[in-house]
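Biologist: I have the sequence and the model open. Please take me through the fold.

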Amino acid sequence: MPVAPSGNVTGAGTPAAAIDAFMAAIKATDLQALGAIWGTPNGPARSQMDMTQLQQRELTMLCYLAHDSYAVLSDAPALHGTRTYAVQLKYQTITHVGQFDVGQASDGRYYVYSIKNFAEFQDVCARKKGG
């Protein structure tokens, strides 16, 4: 089982490990771990954002990206040395494939930078809220 980063450890050693750690943080609803694996070329998001804004964005990700299981379907090189992973998430009867961009930051560690089609996951959040 993948382990999400915690404490002072941020990022992951490989792009694939970043995906695994990100998904583990989502599954565990662990805001600290999520802030340590989600980031930019400058490092972890938790070191770059106002805490209120960071938590709001993380809570949205926890809701939209909730999953019972996930599978990496593909991995391809992308712009600026990043990699794009097609990741299938299943939540109850809902299945979506997200396009996750992962890159290496200035600290040498890998972070999930973005999810290109994030809005498509809003029905998962609605289902969780009973809508």
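Biologist: Which residue takes a positive phi in the hairpin of β3 and β4?
Modeller: This hairpin has five residues between its strands. Strands are DSSP runs of E, at least two residues, and helices are runs of H or I, at least four, numbered from the N terminus. The positive phi is near 55°, and the residue is H80.

Biologist: What pLDDT do local features need?
Modeller: Residues are numbered from 1 along each chain as its sequence is written, and side-chain values use heavy atoms, with hydrogens and water left out. This is a predicted model: totals for chains, interfaces and linings use all residues, side-chain atom pairs count only at pLDDT 80 or more, and local features need pLDDT of at least 70.

Biologist: How many bridges join β3 to β4?
Modeller: These two strands run antiparallel. Two strands count as paired if DSSP finds at least two bridges between them. A71 stands opposite Q88 in β4, and D75 stands opposite Y85. The number of bridges is eight.

Biologist: Which are the edge strands of the open sheet?
Modeller: Four strands form the sheet, with antiparallel pairing, in the order β3-β4-β5-β6. Neighbours are turned by 30° against each other on average, direction ignored. Two strands pair on one side only: β3 (69-77) and β6.

Biologist: At what angle does α1 run to β6?
Modeller: α1 lies across β3, β4, β5 and β6. Axes are lines fitted to C-alpha atoms, for helices over the stretch in contact (heavy atoms within 4.5 Å). Angles run from 0 to 180 degrees between N-to-C directions. For α1 against β6, the value is about 65°.

Biologist: Is N42 buried or exposed?
Modeller: N42 sits in the loop between β1 (39-40) and β2 (43-44). Leaving aside residues up to four places away, it touches Q48, A105 and S106. At 61% relative accessibility, N42 counts as exposed.

Biologist: How far apart are the C-alpha atoms of N42 and S106?
Modeller: The two residues are 64 residues apart along the chain. Their C-alpha atoms are separated by 5.7 Å.

Biologist: What is the radius of gyration of the protein?
Modeller: The protein has four helices and six strands. The radius is taken over C-alpha atoms, and the globule rule is 2.2 Å times the number of residues to the power 0.38. For 131 residues the rule gives 14 Å, close to the value here, so the protein is as compact as a globular protein of that length. The radius of gyration is 14 Å.

Note on methods. Buried < 20%, exposed > 50% of the residue type's maximum accessible area, 1.4 Å probe, protein only.
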